[in-house]
Amino acid sequence: MERWQNRVAVVTGTSSGIGSAIALDLIEAGVIVVGLARRVERVKDLQRSLPAARRDRLIPMHCDVGSESSVKEAFDAIESQLGTIDILVNNAGTLQNGRLVDMPIALAQQTVQTNIMGIINCTQRAFRSMQQRNFDGHIILINSILGHKLFAPPAAGAPEINVYPPTKHAVTALAEMYRQELLGMGTRIKITSISPGVTDTEILPDCIRKVSNKTMLNAKDISSAVMFTLATPPHMQVHEMIIKPMGEIL
């Protein structure tokens, strides 16, 4: 991790769970972290929990990644205050219950806007910063096992978490498209998709929590995977990492 000392990482969705864990591990490794979240007060609480000597390593900032104007405002501020974006961790995501055939369109749109357009919005700004400086940065997408396969249908009734998996399948496709673009444009910017299985975070629906039978990953596990990919040498790119808890049947 020596090459990342005092570099700037932007982590979206830092208010809880995986985002918070990633921010803490990056700070521990000597990275300056901009923690983006809609619930920015939670990021400020996380900052206050740090040892006094490290509190200035976490910069809380409000951002709704699904809003182009909000992303512009946040990234303009980052570049004004810090000058660069060297690492981007696209972690922010949302999961809404509902069936595709009859769920409120606004909820479906919110999921698509956050889980897909949020990545595109933030990645464009991070890429611009890396490209302008000819810097070999790293862009990480926090995906999901549901970006590769689907849960089996319930024994009775219809499943009800039905727009989330299509958005995560889109993240899998985005990772490959970014790889092709970054290669074709002659950069050495890395792209990595990390796909966790069932993980014990706030976003996990109760219906999944009940059937997981405590077979779950935790946020620290996913952060460890992020840190591993960042620590790889320049010639090595982890394109896709799928992480499952022992005993998971999906």
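N134 counts as exposed because its relative accessibility is 70%, where exposed means over 50% relative accessible area, buried under 20% and partly exposed in between, with a 1.4 Å probe and protein chains only. N134 lies in the loop between helix 4 and strand 5 (138–142); helices (H or I, at least four residues) and strands (E, at least two) are DSSP runs numbered from the N terminus. The phi of N134 is near 55°, a positive value in a residue other than glycine. N6 also has a positive phi, of about 65°, although it is not a glycine. N6 is found in the segment before strand 1 (8–12).

The model is predicted, so local features need pLDDT of at least 70 and side-chain atom pairs count only at pLDDT 80 or more, while totals for chains, interfaces and linings use all residues. Residues are numbered from 1 along each chain as its sequence is written, and side-chain values use heavy atoms, with hydrogens and water left out.

Next comes the overall layout. The protein has seven helices and seven strands, and along the sequence they follow the pattern β-α-β-α-β-α-β-α-β-α-β-α-α-β. Its radius of gyration, taken over C-alpha atoms, is 18 Å, close to the 18 Å that the globule rule gives for 250 residues, so the protein is as compact as a globular protein of that length. The globule rule is 2.2 Å times the number of residues to the power 0.38. Along the principal axes, the C-alpha trace spans about 55 × 45 × 35 Å. Of the 250 residues, 52% count as buried. Among contacts (heavy atoms within 4.5 Å) between residues at least 6 apart in sequence, 73% join residues at least 24 apart.

Now to the helix pairs. Two packed helices are described by the angle between their axes and the distance between the axes. The axes are lines fitted to C-alpha atoms, for helices over the stretch in contact, and the angles run from 0 to 180 degrees between N-to-C directions.

Helix 3 and helix 4 pack at an angle of about 25°, with their axes 9 Å apart. The two helices are therefore roughly parallel to each other; that term covers angles under 35 degrees, whereas over 145 counts as roughly antiparallel, 65 to 115 as roughly perpendicular and the rest as oblique. Helix 3 passes helix 4 in a right-handed crossing, a crossing being right-handed if the near helix is turned clockwise from the far one by less than a right angle, and left-handed if anticlockwise. On the helix 3 side, E68, V71, K72, F75, D76 and E79 meet N121, C122, R125, A126, R128 and S129 of helix 4. These residues divide into four nonpolar, two polar and six charged, with Ala, Val, Leu, Ile, Met, Phe, Trp, Tyr, Cys and Pro counted as nonpolar, Asp, Glu, Lys and Arg as charged, and the others, Gly among them, as polar.

Two serines can be looked at here. S129, in helix 4, is buried because its relative accessible area is 3%. Leaving aside neighbours within four places in sequence, S129 is in contact with E79, T84 and I85. S69 lies in helix 3 (residues 68–82) and is exposed, with a relative accessible area of 55%. S69 and N121 are 52 residues apart in sequence and 9.5 Å apart in space, C-alpha to C-alpha.

Helix 4 (residues 105–132) also packs with helix 5 (residues 164–184): their axes come within 8 Å and cross at roughly 20°. That angle makes helix 4 roughly parallel to helix 5, and the crossing is right-handed. The contact is made by T111, V112, N115, I116, I119, I120, T123 and F127 of helix 4 and Y164, T167, A170, V171, L174, Y178 and L182 of helix 5. By class, the residues in this contact are eleven nonpolar, four polar and no charged.

The axes of helix 1 (residues 17–28) and helix 7 (residues 219–230) come within 8 Å and cross at roughly 45°. Helix 1 is therefore oblique to helix 7. Their crossing is right-handed. Helix 1 contributes G17, I18, A21, I22, D25 and L26 to the contact, and helix 7 contributes A219, K220, I222, S223, S224, V226, M227 and L230. The contact has nine nonpolar, three polar and two charged residues.
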